[in-house]
Amino acid sequence: MKVRDSGMPEEAYWETLFDPVQAISGFPFIANSTASDRLLELGCGYGTFTVELAKRFRGRLDTFDIDPSMVQRTTDRLSDAGLKNAFVYQGNFVAADLPDHCRDYGVVVLFHIMHLENPEDLLRRVLSRVRPGGMLAFLHWRPDQITPRGPDMEIRPTLADYQRWSEQFHLTPPIEAELLDCPHHFAVYCQTSEPT
Ligand SMILES: C[S@@+](CC[C@H](N)C(=O)[O-])C[C@H]1O[C@@H](n2cnc3c(N)ncnc32)[C@H](O)[C@@H]1O
């Protein structure tokens, strides 16, 4: 089942609401990746971020969506762009575990999804697939003002939510990402514990 409030407007309209390239620039570790790094994106949607991530991330990118039409659209866009480092899967990231080969990620991208019913359950499951010192990148509609799209204000993740999750899962405190040309968005990143 799709997570609550995760329906999408028309693609052309969706892509007027933020600049995916500028958004990705707010997470410097994406461009600073190496060929052996792995990135997991949950919920590819139209591939708006997937294509730009695949252009900038040097390693392999895996992305999941429950909606076959979103999987197809993203697959087509990656193919049209000649990007061969990204793999698109249909799957339910809430109900099912990720396939066994999906592990050791250095970056996990969670854009526009952390308003789901049980964010802690998702984080717990995802973190089991992240390598020590891996990064979690969160982006969502601002929780402090009305925006042209987005879930109910009451369920948008806030800085306090990210701080609580950081403590609960032993992540570094959230660092706010600098977002240019994304006036409606708020983004943070956290790092998982490095081995001692
Ligand atoms: C609001 S959209 C965001 C898409 C993309 N991350 C972006 O920011 O453009 C959420 C996406 O998550 C997908 N989705 C919702 N529930 C899901 C689930 N349980 N498992 C996998 N994908 C899901 C939807 O189909 C939709 O494409």
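**Overall architecture, core and ligand shell of the predicted model**

Of the 196 residues of the chain, 38% count as buried, a residue being buried if 20 or more other C-beta atoms lie within 10 Å of its own, exposed if 12 or fewer, and partly exposed in between, with C-beta atoms placed from the backbone. The structure is a predicted model, in which local features need pLDDT of at least 70 and side-chain atom pairs count only at pLDDT 80 or more, while totals for chains, interfaces and linings use all residues. Residues are numbered from 1 along each chain as its sequence is written.

The chain contains seven helices and seven strands, where helices (H or I, at least four residues) and strands (E, at least two) are DSSP runs numbered from the N terminus. Read from the N terminus, the order of elements is α-α-α-β-α-β-α-β-β-α-β-α-β-β. The radius of gyration of the chain is 15 Å, close to the 16 Å that the globule rule gives for 196 residues, so the chain is as compact as a globular protein of that length. This radius is taken over C-alpha atoms, and the globule rule is 2.2 Å times the number of residues to the power 0.38. Along the principal axes, the C-alpha atoms fill a box of roughly 45 × 40 × 35 Å. Among contacts between residues at least 6 apart in sequence, 72% join residues at least 24 apart; two residues are in contact if their C-beta atoms, placed from the backbone, lie within 7 Å.

In an unreviewed entry, UniProt lists residues 40-134 as "domain: Methyltransferase". UniProt positions are given in the numbering used here, feature names are shortened, and annotations may be inferred rather than shown by experiment. In the model, the end C-alpha atoms of residues 40-134 lie 11 Å apart, and the span is 33% helix and 27% strand.

The largest nonpolar core has 48 residues, and those with the most contacts inside it are Val108, Leu110, Ala137 and Phe138. Such a core is a set of buried Ala, Val, Leu, Ile, Met, Phe, Trp, Tyr and Cys residues joined through C-beta atoms within 7 Å. When residues up to four places away in sequence are not counted, Leu110 touches Leu42, Leu136, Ala137 and Phe138.

Around the ligand there are 20 residues, of which Lys2, Gly43, Gly45, Ile66 and Asp67 come nearest; a residue is near a molecule if its C-beta atom, placed from the backbone, lies within 6 Å of it. The elements that give two or more residues to this shell are α4 (48-56) and β2 (60-65). By class, the shell has eleven nonpolar, six polar and three charged residues. For this count, Ala, Val, Leu, Ile, Met, Phe, Trp, Tyr, Cys and Pro are nonpolar, Asp, Glu, Lys and Arg are charged, and the others, Gly among them, are polar.

Leu53 is placed in helix α4 and is buried, with 26 other C-beta atoms within 10 Å. Leu53 and Val109 are 56 residues apart in sequence, with their C-alpha atoms 9.5 Å apart in space. Arg60, in strand β2, is partly exposed, with 17 C-beta neighbours inside 10 Å. The contacts of Arg60, leaving aside neighbours within four places in sequence, are with Arg38 and Asn85.

Two residues in the loop between β3 and β4 were examined. Phe93 lies in this loop and is buried, with 21 other C-beta atoms within 10 Å. Beyond four places in sequence, Phe93 is in contact with Leu42, Phe64 and Leu122. The C-alpha atoms of Phe93 and Lys2 are 9.2 Å apart, although 91 residues separate the pair in sequence. Asp104 lies in the loop between β3 (86-90) and β4 and is partly exposed, with 14 other C-beta atoms within 10 Å.

Met114 occupies the loop between β4 (105-111) and α6 (119-127) and counts as buried, with 21 C-beta neighbours inside 10 Å. Apart from its neighbours within four places in sequence, Met114 is in contact with Pro119, Phe138, His140 and Pro157.

Most residues other than glycine have a negative phi. Asp104, which is not a glycine, has a positive phi of about 60 degrees. Phi of His170 is likewise positive, near 55 degrees. His170 lies in the loop between α7 (159-168) and β6 (175-176) and counts as exposed, with 10 C-beta neighbours inside 10 Å.
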